[in-house]
Amino acid sequence: AWIPRRGSSSVRDDRAADTPRREPPPSQVGWAACHMWWWLWIAALFGAREEECSSEASVVFDPLGLFAGGPEVVTRGGEEVAFRWTEGPVWRAEVLYFSDTIADVIAAYSEASGETVIAARRSGGGTEAVLEPGSNGMVLDGDSLVVCQHGARRVARVELSDLDGGPLRVTEVVAERTAEGRRLNSPNDVIVVSGGGGVVFTDPIYGLTRSPGDDGDALSEAIGAGVKGVYRVRAGAIERIAASKRPNGLATDPRSGELWVADSADSRVFS
């Protein structure tokens with residue numbers, strides 16, 4: 001996985017604001033775009049051959065010049081698991097936690113030892129055979145992680161102290177149904193908003209499909225939320241604050257407090 005160092009703009013915990021949906025001006029796109037280009041880098045590494053991962057051969061797609069020195073490859077997995085689709089990177093105390101949506105695990109990379117181990121198995125919490133059953137986006141909240149689970153189709157809280165390599169143990173279900181009582185589709189990315197702003201997450205359809213030819217929109221109508229939305233959970237209540245074709249990555253602007261959302265279908269960022 002290509003990992004931005006701690007303190008970079010992959011950190012996704014700040015203020016948010018209820019603002020009308022609009023396109024941000026080009027001068028403000030950098031913060032969210034940094035987070036979104038992260039996933040393109042992960043995809044590039046996933047498809048690369050071993051010899052293409054050398055510093056001489058790798059080509060980094062960084063149109064905004066956000067990492068002048070280029071990203072650093074810190075782990076390609078280990079004996080326990082071969083990574084297939086990595087997501088949700090979170091730094092905590094010299095350890096990088098991240099999901100693999102296909103392998104259905106949360107992995108942990110130690111900067112001190114250079115080792116990568118499996119922190120939790122069955123990280124998606126589901127029982128059905130879907131293409132991406134694992135956990136996806138994650139964010140720190142004190143001594144816990146708030147995790148998007150494809151398989152269980154929910155957002156859940158887990159304690160860092162419980163990540164012992166066994167099946168993921170959930171201590172709290174943050175969100176599982178919409179305000180209308182329908183099951184969520186497959187939560188994708190999540191942030192915890194400081195100042196009592198609650199938990200905000202995206203809910204596209206990527207964790208619903210069982211085969212490459214499945215119609216995710218039809219599955220959403222039949223068994224999911226019926227809409228691809230952005231939701232906020234605050235004081236135990238859930239509300240949909242936006243909807244788009246494929247809401248994916250989330251970020252907040254620490255200067256303005258705006259919430260930005262990447263839509264994978266339209267290749268755009270909106271606030």
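Phenylalanine 98 is buried, with a relative accessible area of 2%. Buried here means under 20% relative accessible area, with a 1.4 Å probe and protein chains only. Let me start from that residue.

A word on the source. This is a predicted model, where local features need pLDDT of at least 70, side-chain atom pairs count only at pLDDT 80 or more, and totals for chains, interfaces and linings use all residues. Residues are numbered from 1 along each chain as its sequence is written, and side-chain values use heavy atoms, with hydrogens and water left out.

Now the rings. Rings of Phe, Tyr and Trp (its six-membered ring) pair if their centres lie within 6.5 Å; planes under 30 degrees apart count as stacked, over 60 as edge-to-face, the rest as tilted. How many aromatic pairs does this rule give? Two.

Phenylalanine 83 and phenylalanine 98 make an edge-to-face pair, 5.1 Å centre to centre, with 75° between the planes. Phenylalanine 83 sits in the loop between strand S2 (72-73) and strand S3 (86-92), and phenylalanine 98 in strand S4 (residues 95-100), so the pair ties together parts 15 residues apart in sequence. Strands are DSSP runs of E, at least two residues; helices are runs of H or I, at least four; both are numbered from the N terminus. Phenylalanine 83 is buried too, at 17% relative accessible area.

Next, phenylalanine 201 and tyrosine 231. They are stacked: 5.5 Å centre to centre, 20° between the planes. Phenylalanine 201 lies in strand S12 (residues 198-203) and tyrosine 231 in strand S13 (residues 229-234), so this pair ties together parts 30 residues apart in sequence. Phenylalanine 201 is buried at 0% relative accessible area. Tyrosine 231 is buried at 1%.

Back to S4. Four strands form an open sheet, order S3-S4-S5-S6, with antiparallel pairing. Strands pair if DSSP finds at least two bridges between them. Which strands are at the edges? S3 and strand S6 (116-121), each pairing on one side only. S4 and strand S5 (residues 105-110) run antiparallel and are joined by six bridges. Phenylalanine 98 has alanine 107 as its bridge partner in S5.

Last, helix H2, residues 216-223. Its buried residues are Gly216, Leu219 and Ser220. They cover an arc of only 105° around the axis, which puts them on the same side of H2. That arc is taken from the directions from the helix axis to the C-beta atoms.

How values were computed
Buried means under 20% relative accessible area, exposed over 50%, partly exposed in between (1.4 Å probe, protein chains only).
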